[in-house]
Amino acid sequence: MIRAALSLFILAAPCTGALAATLRPVTPVRPSANWPAPAPRGEMLLRATALALHNQARADFGVGPVRWNEGLAAAARGYAEQMAASGVYRHDPTPGRRKLMGENLWKGTRGAFDYAVMVGVMVDERLLFRPGVFPNVSATGNWDDVAHWTQIVWPTTTEIGCALASSATTDYLVCRYAPTGNKDGLAMGLAAAPVMMAGGR
């Protein structure tokens, strides 16, 4: 079941544009380097992995790096713990949260997946990206198919914080971003295109 779920995460159609020829999936083929033993855990490992994958993706896209923010990590931890306790997997509906910080979520079998897999599946959404004006940036026609990745490489985002919490069966990863990304009207991957921002998603 884990293998089937992972294969769904990493199969994708090629993207369009000049960058397409150089892009390769970053998600490891195995759920964990320790597989079938539990994946390694720890806040410092999560921080290092998340920053490395985010900043490599941003460099590949031609935007500046992000830095770690403990306040965002604490907010992410609080919401990850809430999902682990309730079993409800959805974006944080707290009024006003969206204006303060963006959010990426992931869930999977407890202890099975490396942090590199959790973040890697988000980065690999770039294989479905096509240049355009957000939200019209997906080769599938559905912006949700690239929304994790577009938040990761959002040009005005400068800080991230991530955290993991677990129920008896499931790991929940939350990453928070500031300033918030995925706002309608921003041109992404279009040379010399005007930048406009309106309502958020």
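## The disulfide

Cys162 and Cys175 are both buried. In this predicted model, their sulfur atoms lie 2.1 Å apart and form a disulfide. The count of disulfides comes to one. The link of Cys162 and Cys175 is right-handed, with 110° about the S-S bond. Cys162 belongs to strand β4 and Cys175 to strand β5, so the pair ties together parts that are 13 residues apart in sequence.

In soluble globular proteins, nonpolar side chains tend to be buried together. Here the largest nonpolar core has 38 residues, and Leu173 and Met188 have the most contacts inside it. At least two residues of this core come from each of α2 (43-61), α5 (115-123), α6 (147-152), β4 (159-166) and β5 (170-178). The element that gives the most to this core is α5, with seven residues. A second, separate core of 10 residues includes Tyr79, Ala80, Ala84 and Ala165.

Which residues are in contact with Leu173, leaving aside its neighbours within four places in sequence? They are Leu46, Asn104, Leu105, Trp106, Met118, Val119, Met122, Cys162, Ala163 and Leu164. Among these, Met118, Val119 and Met122 are buried residues of α5, while Cys162 is the disulfide partner of Cys175.

## Helix α5

Helix α5 is largely enclosed by the rest of the structure, because eight of its nine residues are buried. The buried residues of α5 are Tyr115, Val117, Met118, Val119, Gly120, Val121, Met122 and Val123. Tyr115 also takes part in a charge-ring arrangement: Arg41 lies over the face of Tyr115, at 5.2 Å from the ring centre.

Is Asn182 buried or exposed? Its relative accessibility is 6%, under the 20% limit, and Asn182 therefore counts as buried. Asn182 is located in the loop between β5 and β6 (187-188). Most residues other than glycine have a negative phi, and most peptide bonds are trans. For Asn182, phi is near 55°, a positive value. The side chain of Asn182 makes polar contacts with two backbone atoms: the oxygen of Ala147 at 3.0 Å, and the nitrogen of Gln151 at 3.3 Å.

Ala147 has its place in helix α6 and counts as buried because its relative accessibility is 11%. Apart from neighbours within four places in sequence, Ala147 is in contact with Asn104, Glu125 and Asn182. The C-alpha atoms of Ala147 and Asn104 are separated by 8.5 Å, although the two residues are 43 residues apart along the chain. Asn104 is also one of the contacts of Leu173.

## Cis peptide bonds

Another runs from Ala178 to Pro179, with omega near -15°. Pro179 is placed in the loop between β5 and β6, the loop that also holds Asn182.

## Aromatic pairs

A pair of aromatic rings is described by the distance of the centres and the angle of the planes. A search of the whole structure finds seven aromatic pairs. One of them, formed by Phe61 and Trp149, is edge-to-face, with 5.1 Å centre to centre and 80° between the planes. Phe61 lies in helix α2 and Trp149 in helix α6, so this pair ties together parts that are 88 residues apart in sequence. Phe61 is buried, with a relative accessible area of 19%, and Trp149 is buried with a value of 2%. Together with Phe129, Phe61 and Trp149 form one aromatic cluster.

Tyr89 and Tyr172 form a tilted pair, with 6.3 Å centre to centre and 40° between the planes. This pair links distant parts of the chain, 83 residues apart: Tyr89 in the loop between α3 (70-86) and α4 (97-100), and Tyr172 in strand β5. Tyr89 is partly exposed, with a relative accessible area of 34%, whereas Tyr172 counts as buried at 4% relative accessibility.

Terms used:
Residues numbered from 1 in each chain as written. Predicted model: local features only at pLDDT ≥ 70, side-chain atom pairs only at ≥ 80, totals over all residues. Heavy atoms only, no water. Core = buried A, V, L, I, M, F, W, Y, C linked by side-chain atoms within 4.5 Å. Buried < 20%, exposed > 50% of the residue type's maximum accessible area, 1.4 Å probe, protein only. Helix = DSSP H or I, 4+ residues; strand = E, 2+ residues; numbered from the N terminus. Contact = heavy atoms within 4.5 Å. Polar contact = N/O pair within 3.5 Å; in protein donor to acceptor, adjacent residues only side chain to side chain. Disulfide = S-S within 2.5 Å. Phe/Tyr/Trp six-rings, centres within 6.5 Å; stacked < 30°, edge-to-face > 60°. Lys NZ or Arg CZ within 6 Å of the ring centre and 35° of its normal.
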